[in-house]
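Visitor: Let's go through this one. Could you start with the terms, then the contacts and pockets?

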Amino acid sequence: MTRAEFEGESAPELVAAKTTLQLAAEHYAVCFDGEIIDEGVFTAKNPVEFPLLFFTGERGTNTGRTIPAIYQCVGDRLRICYGFGGQSPASFATAAGSQLYLASYRRVLR
């Protein structure tokens with residue numbers, strides 16, 4: 001993760017630097033400092049405005065929750081806006097009270 005913000009507040013640089021998102025074969029894992037803190041499955045849909053992702057937690061902090069998100073991928077950069085309130089975000093922006101989490105990632109090939 002290169003940067004993040006929740007409800008209009010930027011995440012500390014240390015949090016962004018130690019957080020990774022792994023996506024592979026419809027499975028995801030969120031790691032902090034090398035430890036998996038959330039994992040599950042995801043599905044993708046491609047409506048007209050923004051492509052959608054739906055993350056369903058199976059183990060960790062979001063077990064049993066389905067979180068809608070929009071995403072944008074350009075080159076080795078991925079931007080995801082998560083709707084932690086259960087609603088799909090309409091844009092790549094957060095504001096106080098919105099329950100939106102915007103994260104930017106850089107691809108690392110393994």
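Guide: First, a definition: a salt bridge is a side-chain nitrogen of Lys or Arg within 4 Å of a carboxyl oxygen of Asp or Glu. This is a predicted model, where local features need pLDDT of at least 70, side-chain atom pairs count only at pLDDT 80 or more, and totals for chains, interfaces and linings use all residues. Residues are numbered from 1 along each chain as its sequence is written, and side-chain values use heavy atoms, with hydrogens and water left out.

Visitor: How many salt bridges in the whole structure?

Guide: Four.

Visitor: Which residue does Arg-59 pair with?

Guide: Glu-39, with the closest N and O atoms 2.4 Å apart. The pair links distant parts of the chain: Arg-59 sits in strand 6 (residues 52–60), Glu-39 in strand 5, 20 residues apart. Strands here are DSSP runs of E, at least two residues; helices are runs of H or I, at least four; both are numbered from the N terminus.

Visitor: What does Asp-33 meet?

Guide: Lys-18, at 3.8 Å, N to O. Asp-33 is in the loop between strand 4 and strand 5, Lys-18 in helix 1, 15 residues apart. Lys-18 is partly exposed, at 32%.

Visitor: New topic. What's the volume of the largest pocket?

Guide: About 530 Å³. A pocket is an open set of points on a 1 Å grid over the protein atoms alone, where a 1.4 Å probe fits, with protein on both sides within 12 Å along at least five of seven lines; lining residues have an atom within 4 Å of a point. Grid points are joined across faces, edges and corners, and the volume is the space filled by probe spheres set on them.

Conventions: Buried < 20%, exposed > 50% of the residue type's maximum accessible area, 1.4 Å probe, protein only.
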